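I opened a notebook page for this structure and wrote down each thing I looked up.

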Amino acid sequence: MAEEKKYDIGLMGLAVMGQNLVLNMVDHGFDVAVFNRTTSKVDDFLATPEAQSKGDKLVGAHSLKELVSKLKSPRKIMLMIKSKDAVPAPELALYPENAAVDAVIAELLPLLDKGDVIIDGGNTQFKDTERRTQYLQQRGIRYIGTGVSGGEEGARRGPSMMPGGDPEAWPLVKPIFQAISAKVGPNHDVPCCDWIGDRGAGHYVKMVHNGVEYGDMQLISDAYWILKNALGLSNKELYEIFAEWNKTELDSYLVEITRDIFTVDDPETGKPLLDLILDCAGAKGTGKWMSQLALDLGVPSTLVTEAVYARAISAMKSQRVNASKALSGPEKKFEGNRDEFIAQVKQALYASKICSYAQGFVQMQAAAKEYGWTLDCGRIALLWRGGCIIRAVFLERIKEAFDKNPALENLLLDPYFKAAVENAQVAWRNVVKTAIELGVPTPGFTTALTYYDSLRSASLPANMIQAQRDYFGAHTYLRVDKPGEGPFHTDWINVKKS
Ligand code: NBP
């Protein structure tokens, strides 16, 4: 009897990401077995013309047991399932909202042998991946938590992938991951996938990617809004501006799709579709995580935080409508030169974007220190260079900056970015000033400028905060004239006053 064919990898979770990753893997020569909790979706997927065209390189399973039985050893099983789900798995569920992956792991464990690999490709909170890697390591199972970015198209044609977890698992999945990932470089042969670091490092970096994406989207929206409101530009004019910007240092996927969004008309009404979309932004939570974790680390990731809040205030539509009738603002109209202002907004966008990325890398470096990872920031910039939502020409410069100086404390101190921001700052300040004068909110631009000005201030008014804290709570303070001494406390009420 002929031996049953064994497959290179198994994938569970045939929603949009899973299906496209599977097809991508098969296109790159790998044999893939697939499974889904709702098993009818396995059959539906295998019946699609695209899956049919893959012949025996693709096979379905109707249980986890069957999936496991179809795999070459050491087995590799990738989960592309919802990372937040309320399925209880008592043994593992320290974080009940993330229990779907735990539940599947619990079911898989008795089916696997030591040395087999489980991969979670969902947007999982990194602390879960830290915990799962250690839990599974103790049981001889190798675990990978990988960020996958690029949405449906990326999954199909080449995503950016950010794997972390058990380093012993990496050589086993590396050929598959690097084959299916996006490629960059002059010969299109540098994979946007490389080992990030131990345990939850990959998911942390993916979360920062998403947070930076929040920042980019908000900054682009700031640019759109100030141009529209100050200059009264039409969508056609905005299209032309973004098309022009996309040929410059702002060349990026998000600027490109923004450009194209301005051209789309609603088939039903013939009106610009953008103008018909309700101005309430949704979110799935990775920006919030980054912001929360920045607060935990005490690092100022103000762009992502502001972007999360901007989405929150956008979602308060009825309150905004009510307030718009009650609260007044300036009546002023824009009086400057139209073309000059457009060029200034571009500079504001570029400088703010540099601040946003600077913050992202600062947070990753702080997290690496806190959680014991070794992160290569230049390599991370390269992984984001293609395949993912924040892909941009600009990331090449970030890679160069960290290659030149791997210990770079802040991107803004790299000579290239320092010069870029200094060159932009007069324009940037004018845009923020104009927005304030006109009463047009540009939270991203404003926050970025505040970060820049705070960072370049050797002195800040925190001496006052320390004095206040010591006054009301005896929290003590240090003195600039007595370095290495202290802490000091003053009896602020009874001390002699001038
Ligand atoms: P979804 O996030 O919508 O998840 C749907 C899949 O999860 C289905 O296969 C579903 O099975 C399965 N699932 C659920 Br829901 N609960 C489960 C459970 N308790 N046990 C087993 N399976 C369960 O799919 P997606 O949009 O393809 O995303 C997959 C993962 O990739 C997510 O973690 C997502 O955050 C991440 N991601 C998505 C994107 C994107 O652009 N969509 C990009 C990057 C990363 P069912 O069919 O039986 O309900």
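Predicted model: local features only at pLDDT ≥ 70, side-chain atom pairs only at ≥ 80, totals over all residues.

**Entry 1: Ser352**

Ser352 is found in helix 16, which covers residues 338-371.

Next I wanted to know which side chain makes a polar contact with the side chain of Ser352. I found that of Trp428, at 3.2 Å. Leaving aside neighbours within four places in sequence, I listed Leu219, Trp428, Gly444, Phe445 and Ala448 as contacts of Ser352.

**Entry 2: Trp428 and the cores**

Which nonpolar core is the largest, and how many residues has it? I noted 87 residues, and Trp428 is among those with the most contacts inside this core, along with Tyr204, Leu227, Trp245, Trp384, Ile398 and Phe445. Helix 16 gives the largest share of this core, 17 residues. Another core lies apart from it, with 32 residues, among them Val22, Leu23, Phe30 and Ile144.

An open sheet has eight strands in the order 3-2-1-4-5-6-7-10, and its pairing is mixed. Strand 3 and strand 10 (197-198) are the edge strands, as each pairs on one side only.

I followed strand 2 (residues 32-35) to see what it pairs with. Strand 1 (residues 9-12) runs parallel to strand 2, with four bridges between them, and Ile9 has Val32 as its bridge partner. Strand 3 (residues 58-60) is also parallel to strand 2, joined by three bridges, and here Val32 is partnered by Leu58. Strand 1, helix 1 (residues 16-27) and strand 2 form a right-handed β-α-β unit.

**Entry 3: strand 5 and Asp120**

On strand 5 (residues 117-120), Val117 and Ile119 point one way, Ile118 and Asp120 point the other way, and all are buried. Strand 4 pairs with strand 5 in the parallel sense over four bridges, and Leu79 has Asp120 as its bridge partner. From strand 5 the chain crosses through helix 6 (residues 126-137) to strand 6, a right-handed β-α-β crossover. Strand 6 (residues 142-149) is parallel to strand 5, with four bridges, and Ile118 stands opposite Tyr143.

I also checked helix 5 (residues 99-108), which lies across strand 1, strand 4 (76-79), strand 5 and strand 6, at about 155° to strand 4.

Why does Asp120 count as buried? Because its relative accessibility is 0%. The Asp120 side chain makes a polar contact with the side chain of Thr124, at 2.4 Å. Beyond its neighbours within four places in sequence, Asp120 is in contact with Leu79, Val101, Arg132, Tyr143, Ile144, Gly145, Thr146 and His203.

Definitions and conventions
Residues numbered from 1 in each chain as written. Heavy atoms only, no water. Core = buried A, V, L, I, M, F, W, Y, C linked by side-chain atoms within 4.5 Å. Buried < 20%, exposed > 50% of the residue type's maximum accessible area, 1.4 Å probe, protein only. Helix = DSSP H or I, 4+ residues; strand = E, 2+ residues; numbered from the N terminus. Pairing = 2+ DSSP bridges. Right-handed = clockwise from strand over helix to strand, strands pointing away. Polar contact = N/O pair within 3.5 Å; in protein donor to acceptor, adjacent residues only side chain to side chain. Contact = heavy atoms within 4.5 Å. Axes fitted to C-alpha atoms, helices over the stretch in contact; angles between N-to-C directions.
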